[in-house]
Amino acid sequence: MQTRLVSRIVIVVLLGPPGAGKGTQGERLAQRFGIPKIATGDVFRTAVKEGTPLGLQAKQYMERGELVPDSVILGIMREALTSEDAAKGAILDGVVRTVPQAEGFSTMVADLCRKVDAVLLFEADEEELVRRLSERTTCDVCQTPYTGRDPGTPCPKHDGGTLVRRKDDEPDAIRTRLKVYREQTEPVVSWYEQHGMPIRRVDAIGPLDDVTQRAISVLNGTH
Ligand code: ADP
Ligand code: AMP
């Protein structure tokens, strides 16, 4: 069932550490509001799998748990925002991860006569994040993340995909990603606040339906 999002909300930026549930909740919000979820991580993983030039460029950074350089991201953002799919809006998962990306994205959105309407920050403690990422399997076709399903088993969505363990969900890369988040992505939260964009915080701990409901409530301003 689709829920009408407050009409002025069209571009929603999801922030939060790795494992907070951005992919999981982003998919649910996208379905609920009838707009696509766009995740740069998914774009890169597909490119790596297909061995495209973008994939070759991104692979080494991703496997180490580091960020792909900002210069690569802006082109992907533009393509995503100008796609027909995103005409009515989009839920952007992990698309903005550094202050230069936030600046570049903001300029680009203004150039396209659009605006970021809401920034959601999913929050969970580090122990929970490490636990989730250590157990996560991901479909190598649709990129849906799962818990409690073994690698090598078919994707429950029957899309021909197989569940795999991401290389960056191994302990060393998890540590790097959490450090990268603290050092490079957390400052994006203050950047948005300083630029007049309130951050809507969502407690990301608890049953999936509860987290979704909290996200919808803060988006609709009823929280
Ligand atoms: P992110 O996109 O922020 O990295 P994911 O959506 O991939 O996070 O979620 C990370 C892992 O945690 C996945 O295996 C997912 O199934 C699981 N997960 C997501 N939300 C919750 C939750 N509320 N409680 C427990 N596990 C969750
Ligand atoms: P994710 O699927 O969101 O966990 O992203 C996986 C990896 O893709 C990250 O660890 C980065 O290497 C890369 N990535 C995804 N989005 C970005 C971004 N906006 N900026 C830089 N790197 C990114």
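Which element gives the largest share of the shell around ligand 1? In this predicted model, the largest share comes from helix H1, with three residues. Helix H1 spans residues 22-33.

The shell around ligand 1 comprises 17 residues, the closest being Lys 22, Thr 24, Arg 136, Thr 147 and Gly 206. By class, these residues divide into eight nonpolar, six polar and three charged. Oxygen atoms of ligand 1 take part in contacts with both backbone and side-chain atoms. A backbone N or O atom of Gly 19 lies 2.8 Å from an oxygen atom of the ligand, and a polar backbone atom of Ala 20 is 3.3 Å from an oxygen atom of ligand 1. For Lys 22, an N or O atom of the side chain is 2.8 Å from a ligand 1 oxygen. The protein buries 87% of the 560 Å² that ligand 1 exposes when taken alone. Two or more residues of the shell are given by each of helix H1, strand S6 (145-146) and helix H8 (208-219).

Ligand 2 is surrounded by 16 residues, of which Thr 40, Arg 45, Glu 66, Arg 97 and Arg 166 are the closest. Six of the shell residues are nonpolar, four polar and six charged. Helix H2 (residues 40-50) gives the most to this shell, with four residues. Polar backbone atoms approach nitrogen atoms of ligand 2 at Gly 94, with a distance of 3.2 Å, and at Val 95, with a distance of 2.9 Å. A polar side-chain atom of Arg 97 is placed 2.3 Å from an oxygen atom of ligand 2. Of the 480 Å² of accessible area that ligand 2 has on its own, the protein covers 95%.

Definitions and conventions. Residues numbered from 1 in each chain as written. Chains lettered and ligands numbered in written order. Predicted model: local features only at pLDDT ≥ 70, side-chain atom pairs only at ≥ 80, totals over all residues. Heavy atoms only, no water. Near = heavy atom within 4 Å. Polar contact = N/O pair within 3.5 Å; in protein donor to acceptor, adjacent residues only side chain to side chain. Areas by Shrake-Rupley, 256 points an atom, 1.4 Å probe, with all protein chains shown as cover. Nonpolar A, V, L, I, M, F, W, Y, C, P; charged D, E, K, R; others polar.
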